[in-house]
Amino acid sequence: MSNNSTLAAFDFDGTITTCDSLQEFVRGVAGRGRFAAGVVRSAPWLLGAWTGACDRGVAKAHFLASTLGGMGRHELEDAARHFASSELPALVRPEMLERVQAHKRLGHRLVLISASPSLYLRPWAAQAGFDAVLATELEFAGDRFSGRLASANCWGPEKTRRLREWLAGEQPARLYAYGDSRGDRELLALADRPWLRGDGELPVLPAVPTAATALPS
């Protein structure tokens, strides 16, 4: 990334989408029965994460282990591609997809930063034109999902750590950041053009440059 570039960083759940995409994905893959049983089994950790008594990544791993643990890699990857192309579009806010496209038209770099799994975010982001996806990674043991996370949960301070790592010392000339919750607080603080859902209008973007048309002499 060049030093004079503009970067737009987007949170996903609640910012681009209208709901928690992870719940929708897991419910569709595991089925309602296994989903409900998994919620019950992981309830102590989920409640702990909600109250702040338990790390959110630990709670997420328990939930995923209870619902998707042991599933085959290819089965999950196929389900993720189907979810990204057939179900995620209905969860995406049209005005936010337009904002993504507006940044793209301006030649800005786009990065998606989310606590949700990259498993289904990568295929969706590729279709939407993002340059990178920084998200939570799942661990596979051989060809099976181990029920553990292969990375830190990409939430809060981890978002800025991952972004700095991806930038590798480069500094964009301008950073737009879009979020909707306290999990985006550090990312928004890093930006010179931050936007928090519910806190004012979207930042004004410059006009798309157009080539001047030469008039005949």
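This is a predicted model: local features need pLDDT of at least 70, side-chain atom pairs count only at pLDDT 80 or more; totals for chains, interfaces and linings use all residues.
Which helix and which strand each supply at least two residues of the lining of the second largest pocket? They are helix H8 (157–167) and strand E6 (174–179), with helices (H or I, at least four residues) and strands (E, at least two) taken as DSSP runs numbered from the N terminus. Residues are numbered from 1 along each chain as its sequence is written, and side-chain values use heavy atoms, with hydrogens and water left out.

**Pockets**

- A pocket here is an open set of points on a 1 Å grid over the protein atoms alone, with protein on both sides within 12 Å along at least five of seven lines, probed at 1.4 Å; lining residues have an atom within 4 Å of a point.
- The largest pocket comes out at about 720 Å³, a volume being the space filled by probe spheres set on the points, which are joined across faces, edges and corners.
- Its lining counts 27 residues, and Asp 20, Leu 22, Gln 23, Arg 56 and Lys 60 are the closest to the centre.
- H4 gives the largest share of that lining, 4 residues.
- By class, the largest pocket's lining has 11 nonpolar, 7 polar and 9 charged residues (Ala, Val, Leu, Ile, Met, Phe, Trp, Tyr, Cys and Pro are nonpolar; Asp, Glu, Lys and Arg charged; the others, Gly among them, polar).
- The second largest pocket holds about 160 Å³, and its lining includes Arg 164, Glu 170, Arg 174 and Asp 192.

- Beyond four places in sequence, Phe 130 is in contact (heavy atoms within 4.5 Å) with residues including Phe 10, Ile 16, Leu 112 and Trp 124.

**Thr 136**

- Thr 136 sits in strand E3 (residues 132–136) and is buried, with a relative accessible area of 1% (buried is under 20%, with a 1.4 Å probe and protein chains only).
- Its side chain reaches the backbone nitrogen of Cys 154 at 3.1 Å.
- Leaving aside neighbours within four places in sequence, the contacts of Thr 136 include Lys 60, Ser 114, Leu 149 and Cys 154.

Conventions. Buried means under 20% relative accessible area, exposed over 50%, partly exposed in between (1.4 Å probe, protein chains only). A polar contact is a pair of N or O atoms within 3.5 Å; within protein, one must be able to donate a hydrogen and the other to accept it, and residues adjacent in sequence count only if both atoms are side-chain atoms.
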